[in-house]
Amino acid sequence: MTRRQWTGLAFLMVGSVGCFGDPPAIGPGDVVTVRVFSSDSVLALGDTVSFSAQGLDLTGAFVVGRPATWESDAPNVATVDDNGSVVGAGVGSATITATIDGVVGQATATVSLPQIAVGDSSLVFAAIFGDTDPDSQDVAVANRGPGSLTGLTIGTIQYGSGGSGWITTTFDATTAPTVVTVRASLGALLPGTYTAIVPVQAAGAGNSPVNVDVTFTIVAPPSGAPGMLAVIAEPGGATANSVFTTQPVVEVRDSAGVRVFGATVPITASITSGDGTLIGTTTVIPVNGQATFTDLQIRGVQAVGDTVGFGGHRLEFTAPATMPDTSVSFNVAVSFSYNVEYMFGLTSTSCLACHSTFSDPAVLVNQPPALNVTGCGTLVVPSNSTSSFLMQKLDNTHSGGCGSVMPPAGVLSTRLRNMVRSWIDEGAVEN
Ligand code: HEC
C-alpha cells in the first residue's frame, strides 16, 4: 500500500515537471502534497498534542473536505488516533504519517522528559576571615524540556579538599520554575579557596543531576606585625611522664589583637611555675597564625628526694618581639609506674626490700591486706585515700592491731605521702 502511494506521487511529480509552463494537467482539487502541522512537536510522557494534515493541489491551493488517516511508525514512543491526537508513550522520536487520497505527509513527534536548567552553573563567594558570612545567592531553576519538572531536591554536596559542610541551600518551591538559595558560611574555615559541587536533581528529569559549581574564597584580615601571643587552647590531661591529652595552641596577634595569619615567629613553651621538666617539641612555628603543640609532657615530677609537686603548673609561651602569654594553672596527675611504683623501690624508702608485690597496681587496688594483718581494710580504695589501708600505714593512722607504720624505719615525708595520696584520689589507675 505504501509502495503504491509513493509510485503515484512520483508519477505526478514527473508529470508536473514535464508540463512546466503549461496549464495544469491535473484538474483542480486533486491532492498532490500533504502537509502535516502540529501544535508542538516536542511533548512529555502522557502529554497529548494535536497534529493536523492539509492536502494541497498542484497550484498550492488547499484542497478542503478530504479526511486524513493517521499512522505512527513507533507507537511505543507516540500513538496517534483518527483525529491526529498524538500522545507521548515513551522517550524517543516517532514519524507521524497522514495520508489523504493516497498521498502522504509526515512530521516528527519527539517525546522527551523534563530537563533541569539552572540560571547559573557556577557561583563565587568571597569573605574575610572573622567577618560576616557572604550574602546568599539565588540560582533560578527552570524546565527546559516538556511537561512539568517537579520534586526538585539538592543531592549530596561534594566538597573539595580543605573544608566541608559550609554550604546550605533552600528551595523556594520544588517545582520549576523556582529558585534555590545557596549560602556559604565561614564557620571555622581558614583563609583559602574552597570548592564544592551542588547537584540540583529531580527523579523525573532527563538530565538529573545538573551541577552548580561553588567556589568560596576566604582572605585573611589585614593585620600588623606580631605584637602578642594568646593561649587559645589550654594544656590539659597532664600526667607525669605522658604527653598532655590536650596540647596547647597559641595564637600570634598584632598589637590590636588581630590574628596574624602570615606570622612565622617561633613560639617557645617553658615551665614558668611548678616542678619538673618540659619535654617534647617545645618550639613550634605557627601555621595560619597559630602554633599547635603536639607532644608536650612534664617529666621529672618524681619522688626523688622531697621536691615533688604535682599541682600549680603553668606554661609560658614566648616569641621574639611579642608579649608572652601564660597558661592557666594545671595539675600533673601522678603516674603509678613513674612516681608511686618508682618510689616503692627507692633505697630511701626501700619498700621492696621487704615487700615484693608493689610493682603492680592490680596487686594493690581493691585487695585486702596480705601478710598477717587481716581485718584492717582494703589496701587501695580508688578515689578514697582515707579508707585505703596502704595510706593509713604510710600516715601512721592505721588502727591498733594492724601492724606498724610503713616503712618501719619512720614516716615518709609529707610530699611523698601526698604523692601516693594523689594517685589514689585520682582513681588509682596505671596512667
Ligand atoms: C623492713 C621491712 C619493711 C619495709 C622496708 C616496709 N615494710 Fe611494709 N610491712 C612489713 C611487714 C613485716 C609487714 C607486716 C606487719 C605489719 O603490717 O606491720 C608489712 C605490712 C605492710 C602493709 C600492710 C598490708 C599487707 O599487705 O600486709 C603495707 C600496706 C605496707 N607494709 C606497705 C609498705 C610500704 C608502702 C613500704 C615502703 C614505703 C613498706 N611497707 C616498707 C615490712 C616492711
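These are a few notes on the model, point by point.

1. First, the ground rules. This is a predicted model, in which local features need pLDDT of at least 70 and side-chain atom pairs count only at pLDDT 80 or more, while totals for chains, interfaces and linings use all residues. Residues are numbered from 1 along each chain as its sequence is written.

2. On confidence, the protein chain has an average pLDDT of 89, and 90% of its residues score at least 70; pLDDT is the predictor's confidence in each residue, from 0 to 100. Where pLDDT is low, the predicted coordinates should not be read in detail.

3. Now the layout: domain 1 covers 2-111, domain 2 covers 116-219, domain 3 covers 226-326 and domain 4 covers 336-425. These bounds come from an automatic or database domain assignment. Taken over C-alpha atoms, the centres of domain 3 and domain 4 are 35 Å apart.

4. Strand E17 (residues 192-201) is worth a look. Nine bridges tie E17 to strand E18 (residues 210-219), and the two run antiparallel; Tyr-194 sits opposite Phe-216 in E18. E17 also takes two bridges from strand E13 (residues 153-154), again antiparallel, with Thr-153 facing Gln-201. For the terms: strands pair if DSSP finds at least two bridges between them, and helices (H or I, at least four residues) and strands (E, at least two) are DSSP runs, numbered from the N terminus.

5. Next comes an open, antiparallel sheet of four strands, in the order E23-E21-E26-E27. Its edges are strand E23 (283-284) and strand E27 (325-326), each pairing on one side only. Inside the sheet, five bridges join E21 (residues 267-273) to E26 (residues 314-318), and Thr-268 stands across from Thr-318.

6. Last, helix H2 (residues 336-345). Its buried residues are Phe-336, Asn-339, Val-340, Glu-341, Met-343 and Phe-344, where buried means 20 or more other C-beta atoms within 10 Å of the residue's own, with C-beta atoms placed from the backbone. They span an arc of only 160 degrees around the axis, so they lie on the same side of H2; the arc is that of the directions from the helix axis to the C-beta atoms. Their cover includes helix H3 (351-354), helix H4 (361-364) and helix H6 (414-425).

Notes: Buried ≥ 20, exposed ≤ 12 C-beta atoms within 10 Å, placed from the backbone. Contact = placed C-beta atoms within 7 Å.
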